[in-house]
Amino acid sequence: MPEFDGLVLEVLVHGVGGATPERMLDDPHPVRITGDDTAAVFQRAKDVEAEHDGHRTGSVPEAYVWGNLASGNGTRALWLLLLPFMVVNIAHWMCPTARGRGRTVRLYGLLVRLVGLTLTVLLVAAACEVALDLAAWQCAGTRACTDRHSWLGFLSPDMSDGGWWSRPGRRLAVAALVPATLTGLLWFLSRRTWSAYESQRPPTHGPEPADENIRTALGRPGFWYGRRLVARLRAAHTAAGLLTVAAAVGSAAAHFDREPAGPTLLDTLGWLLMAAIAATAAVVVWAVCRRGRSEKRLDQELDEHLARRLPLAALALLVLSAVYAGWERPGWESGGRLPGDTTFGDIAFVQGLLVIALGVVAYLLHRAHPDPRAAMRGLGGPAMTTLACALGGVMSGGVSQRVADWLDGTGTSIPGSPVLLIWQASVIPPLLVVLLVLCGWLGWRTSLLGRTLRNAVDDGYPGEPKDAARTQRIARTYAMATLNRGPLVIAVAASTSLLLGVGAQVGVLTTNKTPGEAAHDTYALVEGVVQTAQALGSWLISLGFVLFVTWSLRAYKDPAARRTIGILWDVGTFWPRAAHPFAPPCYAERAVPDLTWRMATWTEETGGRLVISGHSQGSVLAAAAAWQLKPSVRKRVALLTYGSPLERLYGRWFPAHFGPAALTSLHHDVACWRNLYRLTDPIGGPVHLPGDCGPEVDRPPLKDPLAYGRTKTHPLPAPILGHSDYQADPAFAEEREELLAQMRTELPSERTVPSLDAAAPWQ
């Protein structure tokens, strides 16, 4: 292998929102040297042959562009509809730091996977509510409703003169195509993205002694290769969705057959069918509970029999349910709501129990090894799980209320949505009031802190004429970046949602009436407030659903709006799909192997060294890729991070993977690491390594703005840069040149990793 003294590769990784290779390399005509239209590596034209030029010295910059992984084509905008699945998947990775508590950690993951399963059932149940209950059962069975919606005429006994499809069971069988198609679409999207993301195999290497110093699972060979778990979960969730449809269709017919005058043979067949559905559902739960992720090795196996047979068995039961429900039953007529309208209450009850159990497990893990930097004292995962359930409830209630209003705007011809969904809509106004009060208080705190920082701002620019408005803008930016409002907002939103959800459940169980009906005989003021909340909640939940779908469709057509959604996905889909297979795909399962392969092949081919430079989310990808390298290669790598959320976001919310122990081990494993941040940056911040490691990594905060007023260097007012454009600060060029110069010298000698108190959760 040739040795190129002084040749250093500089890998640039952009952050949230993406960037163009032209801007990253400051070259109007960059050349793609490897990759595809989704993610690729670009170099300047003059550097393309650099690694094959034995006389080349200096640095070779290249840009890794991965923005299309999150916001590429228009269909990805529709991932917004999978938001609850993404949130519950994030909760899986928020497990507190633990040591020697492997079983408790596995229980944590199991509970999150079960919550994810209930969200799939909830989504399909909402589709069943719309298609089977509201359209086929209620509207098609009511003459006044079908008069307004003639497209349901062939299902109406009155308009079709008792046609063959007008029997209640056959109407349900036809309507079952809607939720079954939705389940099939989710299966298709998950399988397609699984082939493109989870099947990207990362590089492997033999074990080295320094491997045992890695204090995070992100360094394990199989961490970014979760194809086996996703395939098994996809089969289980697909089967769960189909079984939900089968149960909705079959239970309505079985309810009629169990009446005293019902047919005995069909009653027996109904019991057998329900027993088969229950048994298959038990297999689905077993498949979800069976095992978690395999990270210690590249798991090449697939549970092919389970992945194929379980969805096919559920599909067969759905077909049998449709045949069973479509059988001729004289005297069977649809009236009221579809039998089994307590399903949403049962789902909410199970979700509440799982969330409470998850909170207890997270509390025990955090108490065993307290981490003062962990968000919400280790309860971030249960809080996010609660929000995922709340989002699922809002989306299911929103589509149900909107369709009910569309089918029967007067609210007189059909009963409408289940009572629980009306209660859940009614608690939205109180939730919004609590959040508005919280936002007002936070705004007051920010304003108060901004006033106290004015003197500090003036002291930071001595000798310059002061402008009160300019000082106030800078101080306000400092205050907004300093206050860590995320944990408090999420804690209040999650706890309030949980309490209001419990209240709605109690209201349904005790009254079995809508909130307005339940408050009819109370005080006039109470009745007025409750009816206002019910009406306003119904309007808000319908409006929210319409805006949600409208934004998705707009993003489908508009690249600018799609880019905004891509920013959300950059943060939310970093983690592999470990809890929900229908969540948006993990772009890091493509990006991290890309970077790892590039760095490994460069060092192997040239014997050179490299600096990986990451901004914002790019710094997280850079750290994850460095952990995947062989320890001997990691010693040839330097890190330059700026605007990095490694500690401020990931270290606090995901302490088991980015806690102090993990980041300290990374600092000692790489050749060197420098981190730049600003006090005006609301996302990036210092790494805060303990002991003497902190100053070795974190540079003192950069001044922002670079100049207070007009100067010879800055004749025009300098902007407040915040999270963007770190390259505009001279300190960036200084740190970059120092790192490149250091990497051109001899390789650093190995350092001994000091003893760390914290450890990874699997130890």
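Select Val323 to begin: this residue is found in helix H10, which spans residues 304–326. Helices here are DSSP runs of H or I with at least four residues, and strands are E runs of at least two, numbered from the N terminus. The model is a predicted one, in which local features need pLDDT of at least 70, side-chain atom pairs count only at pLDDT 80 or more, and totals for chains, interfaces and linings use all residues. Residues are numbered from 1 along each chain as its sequence is written, and side-chain values use heavy atoms, with hydrogens and water left out.

Val323 has 47% relative accessibility and therefore counts as partly exposed. On this scale buried means under 20% relative accessible area, exposed means over 50%, and partly exposed lies in between (1.4 Å probe, protein chains only).

Together the five residues form a nonpolar patch on the surface, with about 510 Å² of accessible area. Accessible areas come from the Shrake-Rupley method with a 1.4 Å probe, and for residues only the protein chains shown count as cover. Patch residues have over 30% relative accessible area and no salt bridge; like charges are joined within 9 Å, and nonpolar side chains (Val, Leu, Ile, Met, Phe, Trp, Tyr) within 5 Å. A salt bridge is a side-chain nitrogen of Lys or Arg within 4 Å of a carboxyl oxygen of Asp or Glu.

Next, select Arg451, Arg454, Arg473 and Arg476, which gather in a surface patch of positive charge. Lys and Arg count as positive, Asp and Glu as negative, while His and the chain ends are not counted. The charge is placed at NZ of Lys, CZ of Arg, CG of Asp or CD of Glu.

Move to Leu540 in helix H19 (residues 524–557). Leu540 is partly exposed, at 21% relative accessibility.

Which cysteines does a disulfide join? Select Cys139 and Cys145, whose sulfur atoms are 1.9 Å apart; a disulfide is a pair of cysteine sulfur atoms within 2.5 Å. The structure holds one such link. With -95° about the S-S bond, the link is left-handed. Cys139 is buried at 0% relative accessible area, and Cys145 is buried at 0%.

Finish with two further cysteines. Cys128 is buried at 6% relative accessible area, and Cys672 counts as buried at 9%.
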